[in-house]
Structures are given as structure tokens and as C-alpha cells.
Amino acid sequence: MINLKLVGIVAAIGLLAGCTSNIEKLRTAEGTGSPFTRALTEEYRQLTIFEADEMFDWTDAGYFARKGLAAAGGEVVLPEELGAWNLPDDKIDELGTARSRLVSLLDNGARDRVPELAARAQGRFDCWVEQQEENHQPDHIAACKDEFFKTLGDLEAAMGEQPMAATEPMMAPETYLVLFDFDKS
């Protein structure tokens, strides 16, 4: 019984040390690669520091530190996939629409044309997703969400696109019923 407890303690310390190690590495990491990946490194650095130093959320700080280190290495890191998070059901549509708008801009050249805005929008989106999953700090959720939509609007303007209203509902596709005779196309 004591051996199991000891193994558990050693494993927990190892996991925490790995997270802490990445957090500390990101604190001093220099971004490389494109202007976008350098700006994204800074976004994830700020998110990591907030989660580690102010929220004491070592798990999410370690997660964002890994994303930041990947960006620092020149990798293009994507905005959070919603399926990887335990989000409230009533928030998924809004987050999904927001992510689609962001990814569309990123894929249409925002990373190259306005890298700092693109990185800021992605960082604020990821912040919103993380805070929304926790779902217990309405001020933090609102701050990340509001900063995301402000930055997204700026990004859309810089890219020459008409921004959609943040609360604009998505239209459901019309349903059609087509009947064919048996064995006909």
C-alpha cells in the first residue's frame, strides 16, 4: 500500500515538473519563424503566465506553454479544436461560429498580411475556450470573449471583409424532399 502511494507521489511530481519545465522554458523562449509564429509565441507566453502565476492552473498553463513552445519553434499552431474541451452545450454554437470565422481569415492570408492581429485573435480565442470550459469566472470569460471579438473585427477590417454581428444567428439550411420513382435516379 505504501509503495503505491509512493509511486503516485513520484508520478505526480514528475508530471508537475514537466509542466513547470515547459512553463519556465516558454518564459524565456525566443520566437522563430514567421512574424505570425513569433507573435503567437508571445500570445501563448502571456496566456501561460496568466494561468500559472495568477490562476495557479498548472494544467492549462502547461498546455499553453507547449503550444507556445511549438510556435516559438516556428510551427503554425492552430486555434483550439472545440471537441477537445468539455464546453457547456449552450456555448458550442457560438464558439464554433467564432472559430470558423477565425480559421477562414487565417487560411485566407491573415497570418501573412496582419500577423500580430491574427496571433492576437487566436490567443484570445484560445483564452475564451479555456475560460468557458472552466465556466466559473464570468468576468474572465467575458474579458477573453470581448477581446476576441474586438480583435476579430479589427482583423476582418484589415483583411477587407465585412464582419458579421457577434450575435447574428446562423441560418439553418432549407430542407428539400425529392421523390423518385422506384429504381429511377
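K67 touches Y44, V77, L78, P79, E80 and D126, leaving out residues up to four places away in sequence; contact here means heavy atoms within 4.5 Å. The structure is a predicted model, in which local features need pLDDT of at least 70 and side-chain atom pairs count only at pLDDT 80 or more, while totals for chains, interfaces and linings use all residues. Residues are numbered from 1 along each chain as its sequence is written, and side-chain values use heavy atoms, with hydrogens and water left out.

The chain has 6 helices and 0 strands, where helices (H or I, at least four residues) and strands (E, at least two) are DSSP runs numbered from the N terminus. Of the 185 residues in the chain, 39% are buried; buried means under 20% relative accessible area, exposed over 50%, and partly exposed in between, with a 1.4 Å probe and protein chains only. Among contacts between residues at least 6 apart in sequence, 70% join residues at least 24 apart.

K67 lies in helix α3 and counts as buried, at 9% relative accessibility. The side chains of E80 and K67 are joined by a polar contact of 2.4 Å. Such a contact is a pair of N or O atoms within 3.5 Å; within protein, one must be able to donate a hydrogen and the other to accept it, and residues adjacent in sequence count only if both atoms are side-chain atoms. A polar contact of 2.6 Å also joins the side chains of E80 and W85. Beyond its neighbours within four places in sequence, E80 is in contact with Y63, F64, K67, W85, R99, F125, D126 and V129.

The contact is made by D60, F64 and K67 of α3 and D126, E130 and E134 of α5. By class, this contact of α3 with α5 has 1 nonpolar, no polar and 5 charged residues; Ala, Val, Leu, Ile, Met, Phe, Trp, Tyr, Cys and Pro count as nonpolar, Asp, Glu, Lys and Arg as charged, and the others, Gly among them, as polar.

For α4 and α5, the axes come within 9 Å and cross at roughly 160°, and the two helices are therefore roughly antiparallel to each other. Their contact includes L95, A98, R99 and L102 of α4 and A121, F125, W128 and V129 of α5. By class, the contact of α4 with α5 has 11 nonpolar, 2 polar and 5 charged residues.

Another lysine, K150, is found in helix α6 (residues 138-158) and is exposed, with a relative accessible area of 55%. The side chains of K150 and D154 are joined by a polar contact of 2.9 Å.

Definitions and conventions:
Axes are lines fitted to C-alpha atoms, for helices over the stretch in contact, and angles run from 0 to 180 degrees between N-to-C directions. Angles under 35 degrees count as roughly parallel, over 145 as roughly antiparallel, 65 to 115 as roughly perpendicular and the rest as oblique.
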